[in-house]
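The structure comes below, followed by the terms and values.

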Amino acid sequence: MKKAELALREEIIARCREMNSSGINQGTSGNISVRFEDRMLISPSATPYDQMTPEMIASVGLEDTSGRYDGPLKPSTEWRFHQKLLRGRPDAGAVVHAHPTYCTTLAIARKEIPSCHYMIAAFGGNNVRCAGYATFGSEDLSELAIDAMTDRTACLLANHGMIAIGENLVKAMWRAIELETIAKQYYLSLAIGGPVLLSDASIDDTHRGFAGYGLQDSDKDKKPKPKRRAPRKPAAKKK
């Protein structure tokens, strides 16, 4: 196993445990995937996170929709929407799916999250949509999720939970936690008369401001700019 792949497997396990310790998930209901070369590494189905080892992480070809996998344990039952997102979204390097209390409460009521807070811009638009309902793990659910994620980096799943993506697993987890925070704030505002929503123009301003705000790539992740070579001096003419 390549060192890079082993590191990603270990990170999946660490983030699975973080989902529960941060309160955005309970038990083994959440699942995480990351892109590795032409494959998807994804947490196994119904496996306690504190018992998970790197070898247990399932590996699935991004172009293989048959359900075949490499590993001793089956991949998460939600592998279909993980695979579709990683295959179809160049901006997605990792996918987090969980059942946070407030996100799930809104999803049960089939409510999207509107522009109640400027941080809604972190998810790509002026709202976070709620996908329609379909049985967990089904192809229908994956199609509904993909539709709800169009031009977005997160969505709710009706009567189910939420999904967040990121360029890497750190950013996907950051968005998942931010989403639950906004869901809680929106839910509580509904109890005191409802939120005053921000205008599209205000959200557009936030999008522009995000260029230098929020979770940024570390310096070591940034590709160095190629150095410009000084123009060559013309060779001296022979006398």
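## Terms and model

Angles between axes under 35 degrees count as roughly parallel, over 145 as roughly antiparallel, 65 to 115 as roughly perpendicular and the rest as oblique. The axes are lines fitted to C-alpha atoms, for helices over the stretch in contact, and angles run from 0 to 180 degrees between N-to-C directions.

The model is predicted: local features need pLDDT of at least 70, side-chain atom pairs count only at pLDDT 80 or more, and totals for chains, interfaces and linings use all residues. Residues are numbered from 1 along each chain as its sequence is written, and side-chain values use heavy atoms, with hydrogens and water left out.

## Packing of α3 and α5

Helix α3 (residues 101-108) packs against helix α5 (residues 169-190) at an angle of about 60 degrees, and their axes are 7 Å apart. The two helices are therefore oblique to each other. On the α3 side, the contact (heavy atoms within 4.5 Å) is made by T101, Y102, C103, T105 and L106; on the α5 side, by L179, E180, A183, K184, Y186 and Y187.

## The chain as a whole

The protein chain has six helices and seven strands, where helices (H or I, at least four residues) and strands (E, at least two) are DSSP runs, numbered from the N terminus. Their order along the sequence is α-β-β-β-α-β-α-β-α-β-β-α-α.

Of the 239 residues in the protein chain, 44% count as buried, that is, under 20% relative accessible area with a 1.4 Å probe, protein chains only. Among contacts in the protein chain with a separation of 6 or more, 65% are between residues 24 or more positions apart.

How values were computed
Buried means under 20% relative accessible area, exposed over 50%, partly exposed in between (1.4 Å probe, protein chains only).
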